[in-house]
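Hi,

Here is the structure we talked about. Please have a look at it, then read my notes below.

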Amino acid sequence: GLIAAGAGIGLLRTVLGCRMNGFTGVYALYLILAHLGLVGVLLLFGESVLQGYPSGALFWLDTDTRSIAVAIASLGIAAFCFTASVLAIGRRRIARAPLTLDTGSDAGLYVVGLLLLLASAVYMVVVSGGNLLPILAGYSEFRYAIEVLPGYPWMLFAMATGITFALSTGTRQQCLLALTIFVIPAFLLLISGNRGEVFFPGAAAIAILARRGLRLNWRTVTAGAIAFFALIPSIRQVRGAGLENIRATDVALRWSDPFVEIGFTLRPLVETVQWRRDGEEAAAGATYVLPIERMVELVQPGGERSDIEASRFYIDGRLAGQGYSVIAEAFFNFGVVGVVVVLGAIGAFLAAYGDRAKTARGLALAGAVMAVLINNIRNVFMFVPGHLVSILGLYALGVLAGRFFARGAFTSCEAPIQISQAAATVAESRL
């Protein structure tokens, strides 16, 4: 209880006392919902909120490790919030950078972002139209399809990196164009029952727009409430039966469903605590090193990777279909100390670099990395190093392209996207 209270106090300190600009706030909110949302609903309203969920998915709620997992999750949240709030204390004394929505700041990064978004949109349209991705079928069929579909994970990466680059560097009209393109793959993913693939780049986009001074109005708040309380539970029901088999009368919405759905991230943490209680030794950083080792194997002559399916450090193989948790992985590797250090380090990065980004380029890089970090809240670390290396490569490409534009190839940072804007008919280009 004291740890949970500390987490709440840390969050309030971050939100109210330090006037954060979005990065730490968005991450903290998702971190709390993912690990303690279900706990809060159960404490307030009892197990009646779990009616309709398969009993096989709820077994972990009756284990004696549940309370330990809740305490560990609360400790990780408190470490994140405390670190972020301490680093944000001096925020008011820092001159705010002119990162407004009315000024485009880097044509190269914007063009790279727009091309990534276009690539993700074309990919989703092609695979959906060609029935390579059965978006109308049940979730089990869809899940099998994405496991064998080439390039699907990198399409998600392109969508997330593209929207963060574009929103960080474009003008207001250019941002509208980027969001319009983003809606295409996002819509196709959502109607197939995949919310996480859309929500993690969406959360990063919200943080970026908040950093650029976007003010919430009643329309935005209403749309957010509808998305949270209607879209999330609808997606669960749709992906269970398949869009082609479901009727409007089959969708029964409950206000508690979003908290339950997102709160299932506590399940892999409970599993991890049980592994340690059963005598399994700490991984001592092995799950963090494993993806780096596989990247090295890939660039070596021959490019063959070792088989890791049977390794206890390959979490996807041990908890198939459950995802994972950034807190669980830190605990699995280094115990309670690891939870404090890892979550504190993430809080430090987002508060010191994301919320204090002084240039559009810095905001683009921080936003792209934040999308990866948000995705990692409910997934394994396995994909993170590869995505970070790819982000740095694309960032360097965008910076080089921006220098090329600035040398006279174009007279305005908006000129490189004039053709794409005119074709989309959603924004005007000012030369």
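**Aromatic contacts**

One aromatic cluster is formed by Tyr288, Phe334 and Phe381. Keep in mind that this is a predicted model.

In total, the structure holds six aromatic pairs. One of them joins Tyr288 and Phe334. Their ring centres lie 6.3 Å apart.

Where do the two partners sit in the chain? Tyr288 belongs to helix 12 (residues 286–299). Phe334 belongs to helix 14 (residues 326–354). The pair thus links distant parts of the chain, 46 residues apart.

Is Tyr288 buried or exposed? Tyr288 has a relative accessible area of 17%, so it is buried, the cut-off being under 20%. Phe334 has a relative accessible area of 42%. Phe334 is therefore partly exposed, as this value lies between 20% and 50%.

**Helix 6**

Helix 6 covers residues 152–169, 18 residues in all. From first C-alpha to last, helix 6 reaches 26 Å. That is close to the 26 Å expected at 1.5 Å a residue. How many residues of helix 6 are buried? The count is 16 of 18, so helix 6 is mostly covered, with buried meaning under 20% relative accessible area.

Best wishes

How values were computed
Residues numbered from 1 in each chain as written. Predicted model: local features only at pLDDT ≥ 70, side-chain atom pairs only at ≥ 80, totals over all residues. Heavy atoms only, no water. Helix = DSSP H or I, 4+ residues; strand = E, 2+ residues; numbered from the N terminus. Expected span 1.5 Å × (residues − 1). Buried < 20%, exposed > 50% of the residue type's maximum accessible area, 1.4 Å probe, protein only. Phe/Tyr/Trp six-rings, centres within 6.5 Å; stacked < 30°, edge-to-face > 60°.
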